[in-house]
Amino acid sequence: MTKMLIFEKNLDMKKLITSILLLALAMPVFAQDPVEQKWTVRASAGYLPSVPVVVSLFGAIAVGIAVSANEENNETLKIDIPPFLSFDVLYSFNSRWSAGISTGYTGCVFNIVDKDSGAVHSRQHNIFIPLDAVGRCNYLSRPSVKLYGSIEAGMMLVAGSSDLSVSFDAQINPIGVEFGRRFFGMVEAGVGMNYFGGRIGVGYRF
């Protein structure tokens, strides 16, 4: 009787081990394929002045020289340039090609201030808001690193102190790097109407 019980226990243990092994082997069959990340959203910033800001600065310099030359008013020109901020949404057709839209903000503020007290006597601002279509090509596409170049084209909304206008907008970003998987950081170099030099940012893929 004892030998029979031992035999039955050994048989049950073998069945249990066999069942576990079969379940482990079957897991890849039931496992779902990983979800492909088609959408990318990014937010970035750059500090060097863009082309529209530089053009505005030339006009501001002329105004500043005239203001400073008038010694009776005791005034000077103070220029504030905030960083360029941008927001992109991209859709990936495959591992190489993506397209989407981009917008942002850049501008400059010219204050005529009292030389002694710093009180603002008058203020003029120019705001530039690009609305662009974006095309992107990945030179290298790995799960944790992407090396790419992109082109942006569209229109630039120009809002001054008293008027609003629209002009053509274009941007070329020959090289950029994204490092990370779903949540990632980015560094990019480019030239155009939106920003000049480089920008850094963060993004998310889903």
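**Labels and their grounds**

Modeller: From the N terminus on, the elements run α-β-α-β-β-β-β-β-β-β-β. That gives two helices and nine strands. Helices (H or I, at least four residues) and strands (E, at least two) are DSSP runs, numbered from the N terminus. This is a predicted model, in which local features need pLDDT of at least 70, side-chain atom pairs count only at pLDDT 80 or more, and totals for chains, interfaces and linings use all residues. Residues are numbered from 1 along each chain as its sequence is written, and side-chain values use heavy atoms, with hydrogens and water left out.

Biologist: Why does D88 count as buried?

Modeller: Buried means under 20% relative accessible area, exposed over 50%, and partly exposed in between, with a 1.4 Å probe and protein chains only. D88 has 2% relative accessibility, so D88 counts as buried. The residue lies in strand β3. Of the 206 residues of the protein, 31% count as buried.

Biologist: Which residues is D88 in contact with, leaving aside its neighbours within four places in sequence?

Modeller: Contact means heavy atoms within 4.5 Å. With those neighbours left aside, D88 is in contact with T40, V41, R42, I101, S102 and R199. The C-alpha atoms of D88 and G203 are separated by 9.0 Å, and these two residues are 115 residues apart along the chain. Over the protein, residues 24 or more positions apart account for 56% of the contacts with a separation of 6 or more.

Biologist: What makes the pair of D88 and S102 side chains a polar contact?

Modeller: A polar contact is a pair of N or O atoms within 3.5 Å; within protein, one must be able to donate a hydrogen and the other to accept it, and residues adjacent in sequence count only if both atoms are side-chain atoms. The side chains of D88 and S102 make such a contact at 2.6 Å.

Biologist: How many aromatic pairs does a search of the whole structure find?

Modeller: The search finds four aromatic pairs. The rings of F84 and Y195 have their centres 6.0 Å apart and their planes at 15°, so that pair is stacked. Rings of Phe, Tyr and Trp (its six-membered ring) pair if their centres lie within 6.5 Å; planes under 30 degrees apart count as stacked, over 60 as edge-to-face and the rest as tilted.

Biologist: What does the pair of F84 and Y195 tie together?

Modeller: F84 lies in strand β3 and Y195 in the loop between β8 (183–192) and β9 (197–205), so the pair ties together parts that are 111 residues apart in sequence. F84 has a relative accessible area of 3% and is therefore buried. Y195, with 1%, is buried too.

Biologist: Why is the pair of Y91 and F93 called edge-to-face?

Modeller: The ring centres of Y91 and F93 are 5.4 Å apart and the planes stand at 80°, so the pair is edge-to-face. Y91 has a relative accessible area of 28%, so Y91 is partly exposed. F93 has 51% and is therefore exposed. Ring pairs link W39, Y91 and F93 into a cluster.

Biologist: Is Y204 buried, partly exposed or exposed, and on what grounds?

Modeller: Y204 is at 36% relative accessibility, so Y204 counts as partly exposed. Its place is in strand β9. Leaving aside neighbours within four places in sequence, Y204 is in contact with W39, T40, V41, R182, F183 and F184. The C-alpha atoms of Y204 and F184, 20 residues apart along the chain, are separated by 6.3 Å.

Biologist: What makes a space a cavity and what makes it a pocket?

Modeller: On a 1 Å grid over the protein atoms alone, a cavity is a set of points where a 1.4 Å probe fits but cannot get out, and a pocket is an open set with protein on both sides within 12 Å along at least five of seven lines; lining residues have an atom within 4 Å of a point. The structure holds one cavity of 30 Å³ or more. About 40 Å³ of space lies in the largest cavity, while the largest pocket has a volume of about 370 Å³.

Biologist: Which residues line the largest cavity?

Modeller: R42, D88, L90, V134, R136, S150, E152, N173 and R199 line it. They divide into two nonpolar, two polar and five charged.

Notes. Grid points are joined across faces, edges and corners, and a volume is the space filled by probe spheres set on the points. Ala, Val, Leu, Ile, Met, Phe, Trp, Tyr, Cys and Pro count as nonpolar, Asp, Glu, Lys and Arg as charged, and the others, Gly among them, as polar.
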